[in-house]
Amino acid sequence: MDSLDNSSVCRGEVYTSYSERQVFAAIFGIISVVGTVDNALVIAAVILSRKLRNATNMFVLNLSIADFLTCIYTIPINMVAVLSEDNWPPPNAPCKLAGFLLVLCSSCSLNNLACIAINRYVMITKSKATYKKMFSGQRTLAGIILTWLVPLAVVIFPALSGIMEINFDPVSSLCTWIPTGSVDVFSFIVFATCFPLQVSLIFWGYINIFYYVYAHSQRIRIRRDSNLQIQVTKNLALVMCFFMLCMTPLSVGLLLSCSEPVWFLQAAVAIFLANSCLNPLIYAAKHPNFRVVFCCIIRGKWKDIPERVSCGFCL
């Protein structure tokens with residue numbers, strides 16, 4: 001109860017009217033529908049086309065799975081939470097699961113972007129032998145598992161130690177974590193484990209890639225397959241930029257804690273969740289291979305999918 005009182009004093013009342021709750025719920029609903037459909041397309045594309053099955057796209061697939069879980073479950077549950085003025089309607093388990101997935105999937109997404117940055121750096125700047133060695137099937141799978149295990153530990157250990165609990169927060173009207181003490185230690189843990197290292201790796205990887213491409217393009221003519229890899233890298237860098245833009249307000253809010261305006265947290269959460277539906281739109285508009293497979297799926301032309309995997313429903 002003390003933590004709840006401290007949080008209330010810290011932020012005050014987030015919503016001034018029920019219509020504001022309805023606006024945020026509507027925004028959450030749009031993000032949920034668009035993100036669920038878009039990420040389902042990415043998942044289906046990788047499943048149906050062998051052409052898309054490479055180490056880079058395995059991390060892209062993992063990223064889409066995390067975003068899909070966020071859009072199909074976490075966001076709809078938080079729509080109900082936003083519209084609940086006083087308390088979460090029983091049973092409480094769905095709200096706890098939504099709060100758990102919120103931290104797990106968002107952290108996993110950032111880990112995947114860091115893995116993608118390293119993958120593209122090795123692909124562009126190193127030899128094929130080095131790339132195949134570093135991103136063999138087993139090592140890629142191990143990397144994917146780690147993208148989930150690290151945030152899983154970040155959630156489980158603080159919860160078991162009593163630093164925070166995952167529940168309905170009546171102040172923000174969200175299914176999220178609630179600090180059990182006067183200081184929100186868990187926010188700093190999330191920021192420390194899910195932001196500095198990953199962001200540093202992402203920027204380091206893409207800066208070195210573009211420097212390498214610029215330096216070599218002055219001396220040699222880049223091959224056609226290299227041009228494709230550079231285009232893919234640019235698209236994934238664009239994904240990273242949008243993620244950073246969407247994540248920064250929430251990260252600032254976590255660090256400022258009591259200092260931000262009462263509306264800032266809700267707006268930051270909405271912006272952050274919007275990222276879950278942006279990535280597939282970037283693939284559809286920019287990624288050459290994904291665009292082709294997306295068009296085939298949407299038009300129902302299963303036989304035209306490049307290197308299609310045989311399946312019972314793909315007639």
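**Aromatic pairs and helix packing**

Analyst: In this predicted model, one aromatic cluster is formed by Phe59, Tyr131 and Phe135. The structure holds five aromatic pairs. One of them joins Tyr121 and Trp204, with 4.6 Å centre to centre and 50° between the planes, and is tilted. An angle over 60 degrees would be needed for edge-to-face, and one under 30 degrees for stacked. Tyr121 belongs to helix H4 (residues 93-125) and Trp204 to helix H8 (residues 196-217), so the pair ties together parts that are 83 residues apart in sequence. Tyr121 counts as buried because its relative accessibility is 16%, under the 20% cut-off. Trp204 has 42% relative accessibility and therefore counts as partly exposed.

As for helix packing, the axes of helix H6 (residues 137-161) and helix H7 (residues 185-194) come within 11 Å and cross at roughly 160°. H6 is therefore roughly antiparallel to H7, the cut-off being over 145 degrees. The contact is made on the H6 side by Val154, Val155 and Pro158, and on the H7 side by Phe186, Ile189, Val190 and Thr193. The crossing of H6 and H7 is right-handed.

An unreviewed UniProt entry lists several spans under "transmembrane region", among them residues 23-47 and 97-119. In the model, residues 23-47 are 100% helix and 0% strand, with the end C-alpha atoms 36 Å apart. Residues 97-119 are likewise 100% helix and 0% strand, and their end C-alpha atoms lie 32 Å apart.

Definitions and conventions: Residues numbered from 1 in each chain as written. Predicted model: local features only at pLDDT ≥ 70, side-chain atom pairs only at ≥ 80, totals over all residues. Heavy atoms only, no water. UniProt positions renumbered as here; feature names shortened; annotations may be inferred. Helix = DSSP H or I, 4+ residues; strand = E, 2+ residues; numbered from the N terminus. Phe/Tyr/Trp six-rings, centres within 6.5 Å; stacked < 30°, edge-to-face > 60°. Buried < 20%, exposed > 50% of the residue type's maximum accessible area, 1.4 Å probe, protein only. Axes fitted to C-alpha atoms, helices over the stretch in contact; angles between N-to-C directions. Parallel < 35°, antiparallel > 145°, perpendicular 65-115°, else oblique. Left-handed = near helix turned anticlockwise from the far one by under 90°. Contact = heavy atoms within 4.5 Å.
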